[in-house]
Amino acid sequence: MNFSEMTLQELVHQAASIYSDKIAVCFDECNDQSPIYYTYKTLLNTASELSDFLLLHCDFQEIREIGLYCHPGINLPSWILGILQVPAAYAPVDPDASPALSTHFMKKCDLKYILVEKRQINKFRSSYETLLNYDTFTVEHNDLVLFRLYWKNVEVSLMLNDRKEKYEKVTDGTSSENSKEEKSEEHMDVRLKHCLAYVLHTSGTTGIPKIVRVPHACIVPNIQHFRVLFEITQEDVVFLASPLTFDPSVVEIFVALSSGASLLIVPTSVKVLPSKLAAVLFSHHRVTILQATPTLLRRFGSQLIKSTVLSASTSLRVLALGGETFPSLTILKSWRELGNRTQIFNVYGITEVSSWATFYRIPEKVLNSTLKCELPVQLGFPLHGTVVEVRDTDGFTIEEGNGQVFLGGRNRVCFLDGEMTVPLGTMRATGDFVTVKNGEMFFLGRKDSQIKRHGKRLNIDLVQQVAEGLRQVESCAVTWYNQEKLILFLVSKKELVKDYIFKELEKHLPNYAIPDELVLIDSLPFTSHGKIIRLKNCPVTSKSHLLICFPTGCYNGLIYVLKSHNGEKYWMFTTENAVKSSATVDPTTGLLYIGSHDQHAYALDIYKKKCVWKLKCGGTIFSSPCLSLIPHHLYFATLGGLLLAVHPATGNRVWKHSCGKPLFSSPRCCLQFVCIGCVDGNLLCFTHFGEQVWQFSTNEPIFSSPCTSTSEQEIFFGSHDCFIYCCSMKGHLQWKFKTTSRVYSTPFAFHNHNRSNEMLLAAASTDGKLWILESKSGQLQTVYELPGEVFSSPVVWESMLIIGCRNNYVYCLDLLGGNKK
């Protein structure tokens, strides 16, 4: 294969010159509206208009990058193409991602410009207000607004980066550490005008999350090789399954648009509805190419996969699975209907070397064989321009046996974090381990999925594959909890008897691989990239919904831990007095924290069923603890007026502050501060190091806990003086709203489902009124009246608001329809 060195945009221009009037992009809202189509001519015209606009308004220094803040839509490929043609790299920012994470990404990139979809403009402004001055430069172009970002006290500077990368060069069977780097070595330079294509950050599965800048020279070989492997033609329909923040999306977009094929885009919300998505892909649009993670495919369920996705009459010509361990061949064959002709590929790679590195097509004779096959699927062959090495623990390449995969190649080079130049041929460690047999590579698992149990080394992915092979199991996940307990989570096709499952596992697994516990769940949690959420830290986090800690308001001091799927009691812990505090879970340690009227703070390990530490706090703890991850502090407040910062893992006190009056309010954290209300009527704000920054005074006691906006620029709280307040993070009053009674409960900020770019605030007064306000202005939107006093705090989930009332009822209000249930 003779692949020329081209840019992504040049690949599209080449196809557009041939297929000018053919459909390039289709966007289907999947509702009553008809799909929208763009031809290749329209695609290029729209892109060129944006390129001209950007060249007119952007003044680039050093690295040329432009952020893109939008949801999937008909214009998405044109916007990407328009940025590339400047030329500049596009840096996708997900509107649904954590603002703190996205801020970290943009700040670490030192991003100067970002294009924001007009429909998301209010959401962007509220989420990133600190980055925008009052005189922020903005200019509009059709459905986009261009912002210039201003960074104050930038801690992450590319030019001042002092991190020393240890480069791994392509070697001939010897450790790279034994080879001397030549001074005349060729490098790739990130600052060259036409170098970069896009910028992402890794998910952290291969270590600490990194910024990855990808050159055209690194990703184009992927596009060109997959066009050949998948035999793409102008008749194909490729589904954009991946979000922009996941690099396989680049392959999906440009494999389609460089071949004269059509790219199908649907809203993100449809991707989580299996039956609706299946109908859209395979009935309405007859998709021929699908690239997905195994978890995303499993979301369809085995029956729908067999009847639709991999049916005998499916439109799907190619299915490429990557990003996770490939399913066992037994499972794969059970998903295929007799007569299915879909080509199935195993693809493997890492973001640090731009998307995919190897491929393997499952032979037709293997897929059609009736013989049971327990062999794993090999990783296969390097993609064009890619070098794959397997190295032992001493760094030497091996031809047989077990080792870690290293990836690279002369031009398969990306820039990580602050790297400005990288030697051509640099090899990156993947953290993935394989076994090599007769020249074939078989995946063993990640470094963090290899465990030592009962004196034996075990790859927990093996347990998952065996469990998934049982006919009663729809899907499953395994976690090695706290390095001592192996837990298997199952989604079952029907009601299962646990003893039966354990007996089935014993038939296929050695004794040291049998799980300690089996937990039934309704569905597998997965990330926006379609990957399974690794449950290695704590299966009681809100993402997995596996166990519920239920600290009742009991005066006997009991804390209950219940199984979420059936409500059975799992464990009970006794304190020495009443418990009126709610629990907080630490996702990094798995510990659960709670306070008691016995004046102690507790850290509980609910799986080990033990108390890890308890701390005497010098006063009754009524409110709930608050956890900060950066810095790693745990905050407790007492009725003795003390605010304490505690080290979460050890229970050691970091600092304390005496507020002088009782604290019924719970502390609330944001990136910079911790805030709390006091019965003296003051809202107090501290740094994470215990220094008081400001206080805001009301006229009556504050029992309400503060609530921060998603942008962490506003704080909302209520007071006994019958007002709901909004303050800035500097302690300045933004607005206040007069209620008809005292406000005891905590307000709740949420997105308006009728206008997703608008933020609303729900707050209750003790006379039973539930107030819905516009969060920026405090303007009243609507008011509900409940038949009793309300001390409960409202919570909004999707379009439903749930709140408790003193008449012994819990109410669910439909915010879209105004119905009360």
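Me: How many nonpolar, polar and charged residues are in the lining of the second largest cavity?

Reply: Rolling a probe the size of a water molecule over the atoms shows where empty space is left. A cavity is a set of points, on a 1 Å grid over the protein atoms alone, where a 1.4 Å probe fits but cannot get out; lining residues have an atom within 4 Å of a point. Here, the lining of the second largest cavity has eight nonpolar residues, four charged ones and no polar ones (nonpolar: Ala, Val, Leu, Ile, Met, Phe, Trp, Tyr, Cys, Pro; charged: Asp, Glu, Lys, Arg; polar: the others, Gly among them). This is a predicted model, and totals for linings use all residues, whatever their pLDDT. Residues are numbered from 1 along each chain as its sequence is written.

Me: How much space lies in the largest cavity, and which helix gives the most to its lining?

Reply: That one holds about 100 Å³. H8 gives the most, three residues. Helix H8 (274–284), strand S13 (289–292) and helix H9 (294–298) each supply at least two (DSSP runs numbered from the N terminus: helices H or I, at least four residues; strands E, at least two). Among the lining residues are Phe 239, Lys 271, Leu 277, Arg 299 and Phe 300. By class, 10 are nonpolar, two charged and none polar.

Technical notes:
Predicted model: local features only at pLDDT ≥ 70, side-chain atom pairs only at ≥ 80, totals over all residues. Heavy atoms only, no water. 1 Å grid on protein atoms, 1.4 Å probe; cavity = no way out; pocket = protein on both sides within 12 Å on 5 of 7 lines; lining within 4 Å. Points joined across faces, edges and corners; volume = space filled by probe spheres on them.
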